[in-house]
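Student: Hi! Could you walk me through this structure? I'm new to it.

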Amino acid sequence: MIDPAYVVTMARYNAWQNDQLKPVLEAMSPGDLAKDRGAFFGGLLATANHLLWADTIWLSRFDPSMPAPEGGIPESVDLHPTISSWAADRFRVDGKIRFWAEGLRALDLKGELTWFSGALGREVTAPMASTVMHFFNHQTHHRGQLHAMLTAAGQKAPVSDLFIMPKEA
């Protein structure tokens, strides 16, 4: 289904996307970041927080050296009170994602993963490769929401085409 090269590419893509988002978000006022823009998690900072929280919880399932974040989905929107603290943690987690991805072997993507899903309120088992694809798909989904909110707010949203990603990203 997928291989380690796909995972490394998507980890690079994730970091590249977040590196482009940071300066746009950091240039906005706290009020603009907190404003409810009608997205599933409300505003820009809330959505960015949820995405970082979800990345952390998924990575903790894939890599036991990564501690799981506190709280559940409702609390995920409050992970960081400011864009500065979010940006610092985002950088740290993106580095962990890249390190994890670069250490994967094909065998690591085989078999199943079992975890407790807070969203479903029960234990879930799914193919490891599918959960890794979901991890990256979830990022893209919420970055799409961020992109739409930024565009609606009159901001210049970052380019998101994978084929444009620089080789050094």
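Tutor: Happy to; we'll go through the core, the helices, the salt bridges and the surface. This is a predicted model, where local features need pLDDT of at least 70, side-chain atom pairs count only at pLDDT 80 or more, and totals for chains, interfaces and linings use all residues. Residues are numbered from 1 along each chain as its sequence is written, and side-chain values use heavy atoms, with hydrogens and water left out.

Student: Let's start inside. Which residues touch the most other members in the largest nonpolar core?

Tutor: They are V7, L25, W100, V132 and F136, in a core of 47 residues. A nonpolar core here is a set of buried Ala, Val, Leu, Ile, Met, Phe, Trp, Tyr and Cys residues joined through side-chain atoms within 4.5 Å. Buried means under 20% relative accessible area, exposed means over 50%, and partly exposed is in between, with a 1.4 Å probe and protein chains only.

Student: And which elements give two or more residues to this core?

Tutor: Those are α1 (4-26), α3 (44-62), α5 (83-102), β1 (112-117), β2 (122-127) and α6. The largest share, ten residues, comes from α3. The helices (H or I, at least four residues) and strands (E, at least two) are DSSP runs, numbered from the N terminus.

Student: What does W100 touch?

Tutor: Leaving out residues up to four places away in sequence, W100 touches V7, L59, F62, D63, V132, F135 and F136. Contact means heavy atoms within 4.5 Å.

Student: D63 is in that list. Where is D63 found, and is D63 buried or exposed?

Tutor: D63 is in the loop between α3 and α4 (73-76). D63 counts as buried because its relative accessible area is 17%. D63 and V8 are 55 residues apart in sequence and 15 Å apart in space, C-alpha to C-alpha.

Student: Okay, on to α5. How many residues does α5 have?

Tutor: α5 has 20 residues and reaches 28 Å from its first C-alpha to its last, close to the 28 Å expected at 1.5 Å a residue. The expected span of a helix is 1.5 Å times one less than its number of residues. Buried residues in α5 include I83, W86, V93, I97 and W100. The buried residues of α5 pack against α1, α2 (30-34), α3 and α6.

Student: What about α6, how far does α6 reach?

Tutor: α6 reaches 37 Å from its first C-alpha to its last, close to the 36 Å expected at 1.5 Å a residue, and has 25 residues. Just after α6, G154 takes a positive phi of about 80 degrees.

Student: Switching topic: how many salt bridges does the structure hold?

Tutor: The structure holds six salt bridges. A salt bridge is a side-chain nitrogen of Lys or Arg within 4 Å of a carboxyl oxygen of Asp or Glu. One of them joins D89 and R92, with the closest N and O atoms 2.8 Å apart. D89 and R92 both lie in helix α5, three residues apart, about one turn of the helix.

Student: Why is D89 called buried and R92 partly exposed?

Tutor: D89 is buried because its relative accessible area is 14%. R92 is partly exposed because its relative accessible area is 41%. D89 also touches L52 and H80, not counting residues up to four places away in sequence.

Student: Last one, the surface. Which residues make the nonpolar surface patch?

Tutor: V159, F163 and I164 make a nonpolar surface patch of about 310 Å². Patches are made of residues with over 30% relative accessible area and no salt bridge, where like charges are joined within 9 Å and nonpolar side chains (Val, Leu, Ile, Met, Phe, Trp, Tyr) within 5 Å. Accessible areas come from the Shrake-Rupley method with a 1.4 Å probe; for residues, only the protein chains shown count as cover. F163 sits in the segment after α6 (128-152) and counts as exposed, at 72% relative accessibility.
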